[in-house]
Amino acid sequence: MVNVHYFFDPMCGWCYGASSLIEVLANMSEFEIIYHPGGMIPKRAIDPSFRQHILQADEQIASMTKAHFGDAYKARVTSADEFIVDSYTTTRAFLVGQEMGVAAHKMLEIIQKSHYQEGQHLDQLDTVEKLAVSMGLDAITWNEKIAGSEAKMMGQIQESHELMSQMKVSGYPTLIIEKDGVLMRVSHSPYYGKPNEWKAYLTSLI
């Protein structure tokens, strides 16, 4: 088993663009992904002046990765209403989902699609609860675990930042293979939209 360190954020557009590559990696039994959430955006409203930058970046991501950005999401970004982005609540949901038995890559994918396709308000705990229930998770257990999840989430983010410093990681998404005590950065961007070539490349690294 070869470990792959994945530095990501649920609210990172490029991480959303890379989700199909992460799925290929997650389905290869030769690898184990170790997820390192980065806490990119503490809960805050995005200034209208910055929203145009987001839309331009999304267009570039869609062009390169073929990821789909839904109309409901675009409507939220362009709306006159407050547009809140929150890496912390979504990271808590990511961790609790795993704790309740959802595969990490599936939990992340569901969160990303809820944001980037459906335009869900994932800064709100009742919204992530509905998301959990839609996945078949028990609402009472979910709420109990979410209520106690903040300290673990903050600890995970702190650990991620320490590792990022050690491994000289400066952005998301970043993939680093750990094999026989040697660390090697994985260049994933040339394989956007090329799942078969990506799998062949990964196989060559084993």
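Buried residues account for 48% of the 206 residues in this protein, which is described here from a predicted model. The fold comprises ten helices and six strands. For 206 residues, a compact globule would have a radius of gyration near 17 Å, and the value for the protein, 17 Å, agrees with this.

**Overall dimensions and contacts**

- The C-alpha trace spans about 50 × 40 × 30 Å along its principal axes.
- Of the contacts between residues at least 6 apart in sequence, 73% link residues at least 24 apart.

**Nonpolar core**

- In soluble globular proteins, nonpolar side chains tend to be buried together.
- The largest nonpolar core of this protein contains 63 residues.
- Tyr6, Phe94, Trp142 and Trp198 have the most contacts inside this core.
- Beyond its sequence neighbours up to four places away, Phe94 touches Phe8, Tyr35, Ala104, Met107, Leu108 and Ile111.

- Asp9 occupies the loop between β1 (2-8) and α1 (13-17).
- Although Asp9 is buried, it forms no salt bridge; the nearest side chain of opposite charge belongs to Arg44, 10 Å away.
- A polar atom of the Asp9 side chain lies 2.7 Å from the backbone nitrogen of Met40.
- The side chains of Asp9 and Ser87 are joined by a polar contact of 2.7 Å.
- Leaving aside residues up to four places away in sequence, Asp9 touches Cys15, Gly38, Gly39, Met40, Ile41, Ser87 and Tyr172.

**Backbone geometry**

- Most residues other than glycine have a negative phi, and most peptide bonds are trans.
- Tyr172, one of the residues in contact with Asp9, is joined to Pro173 by a cis peptide bond with omega of about -10°.
- Pro173 belongs to the loop between α9 (150-167) and β5 (174-179).
- Lys168 also lies in the loop between α9 and β5. Its phi is positive, about 60°, although Lys168 is not a glycine.
- Lys168 counts as exposed because its relative accessibility is 70%, over the 50% cut-off.
- Lys66, likewise not a glycine, has a positive phi near 70°. Lys66 is placed in the loop between α3 (48-65) and α4 (71-78).
- With a relative accessible area of 64%, Lys66 is exposed.

Key:
Residues are numbered from 1 along each chain as its sequence is written. This is a predicted model: local features need pLDDT of at least 70, side-chain atom pairs count only at pLDDT 80 or more; totals for chains, interfaces and linings use all residues. Side-chain values use heavy atoms; hydrogens and water are left out. Helices (H or I, at least four residues) and strands (E, at least two) are DSSP runs, numbered from the N terminus. Buried means under 20% relative accessible area, exposed over 50%, partly exposed in between (1.4 Å probe, protein chains only). Lys and Arg count as positive and Asp and Glu as negative; His and the chain ends are not counted. A salt bridge is a side-chain nitrogen of Lys or Arg within 4 Å of a carboxyl oxygen of Asp or Glu. A polar contact is a pair of N or O atoms within 3.5 Å; within protein, one must be able to donate a hydrogen and the other to accept it, and residues adjacent in sequence count only if both atoms are side-chain atoms. Contact means heavy atoms within 4.5 Å. A nonpolar core is a set of buried Ala, Val, Leu, Ile, Met, Phe, Trp, Tyr and Cys residues joined through side-chain atoms within 4.5 Å. The radius of gyration is taken over C-alpha atoms; the globule rule is 2.2 Å times the number of residues to the power 0.38.
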